[in-house]
Amino acid sequence: MRHIMVMNAKGGCGKSTIATNLAAYYATEGANVTLADYDPQGSSLDWLSMRPENRPKIHGLPAFEHGLRGLPRTTDIVIMDAPARSHGTELTSLLRHAETVLIPVLASTIDIHASKRFIKELRATSRVAGHQARLGLVGNRVKENTLAWDDLREFLERERVPYVAALREAQNYVRAYTRGLGVFELPPYIAYRDWEHWEPMLQWLDSVRSRPTA
Ligand SMILES: Nc1ncnc2c1ncn2[C@@H]1O[C@H](COP(=O)(O)OP(=O)(O)OP(=O)(O)O)[C@@H](O)[C@H]1O
Ligand SMILES: [Mg+2]
């Protein structure tokens with residue numbers, strides 16, 4: 001069973017957007033997907049409640065209540081949507097099951113600075129330091145290369161965190177969310193550019209580079 005966590009202590013950076021889109025993507029590929037929502041805000045489960053009956057099923061788990069208790073054994077992939085402001089012991093406990101941690105970062109100076117601090121905190125956890133979980137950064141709502149973004153790229157190189165995708169700002173994400181869909185379920189003439197942006201992340205997730213070595 002594969003465990004992918006989407007997390008960043010910074011609020012509103014796209015955690016639930018990426019978690020729901022990943023869940024929808026793997027479900028359309030025929031995988032048995034569980035979407036575990038660790039955020040009492042419940043955005044991922046809200047999205048799931050709007051998912052049309054005729055789309056590939058995704059199992060929803062209110063993980064903010066009991067963690068992964070009740071996870072169906074038939075699950076191939078668990079996508080975990082973390083809450084904002086996870087630090088310290090809460091962070092350690094959230095990471096317990098994560099093999100791959102996707103960190104969405106918005107292209108703004110405030111977000112970049114906060115995310116650098118968060119990545120340092122993540123790197124110091126025993127799970128990440130002990131190579132039991134791999135990190136990957138996803139640029140979100142990326143419009144153009146700013147100076148702050150160049151600085152982030154340098155930081156990632158130093159910290160050896162791969163930059164796995166750059167997603168543009170697009171109404172498609174809002175449109176898909178309100179219909180319980182992923183951008184991969186929107187018609188290609190609307191969403192093909194977004195599909196292209198997801199491709200490097202999907203390839204990385206498919207490769208050994210995104211999995212623990214031990
Ligand atoms: N690439 C994008 N293009 C356009 N809108 C986006 C994009 N990514 C996220 N959004 C919008 O930004 C808002 C915040 O996104 P989202 O809820 O996924 O972030 P979050 O990190 O889960 O937030 P929270 O910390 O509150 O859990 C939402 O309204 C979402 O639709
Ligand atoms: Mg969220």
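So, a nonpolar core here means a set of buried Ala, Val, Leu, Ile, Met, Phe, Trp, Tyr and Cys residues joined through C-beta atoms within 7 Å. Keep in mind that we're looking at a predicted model.

Okay, the core. The largest one has 60 residues. The ones with the most contacts inside it are Ala23, Leu35, Ile79, Met80, Val101, Ile103 and Val138. And which helix gives the most to this core? That's α1, with 8 residues. Take Ala23 from that list: if you skip its neighbours within four places in sequence, Ala23 is in contact with Val33, Leu35, Ile58 and Ile79. As general background, nonpolar side chains in soluble globular proteins tend to be buried together.

Next, the ligand. Ligand 1 has 19 residues around it, and the closest are Gly11, Lys15, Ser16, Thr17 and Ala84. Helix α1, running 15–28, turns up again here: α1 and α8 (171–178) each supply at least two residues of that shell.

Most residues other than glycine have a negative phi. His131, which is not a glycine, has a positive phi of about 60 degrees. Where is His131? In the loop between α6 (126–129) and β6 (134–140). Buried or exposed, then?

Arg160 sits in the loop between α7 (147–159) and β7 (163–166). With 8 other C-beta atoms within 10 Å, Arg160 is also exposed.

How values were computed
Residues numbered from 1 in each chain as written. Chains lettered and ligands numbered in written order. Predicted model: local features only at pLDDT ≥ 70, side-chain atom pairs only at ≥ 80, totals over all residues. Near = placed C-beta within 6 Å. Helix = DSSP H or I, 4+ residues; strand = E, 2+ residues; numbered from the N terminus. Buried ≥ 20, exposed ≤ 12 C-beta atoms within 10 Å, placed from the backbone. Contact = placed C-beta atoms within 7 Å.
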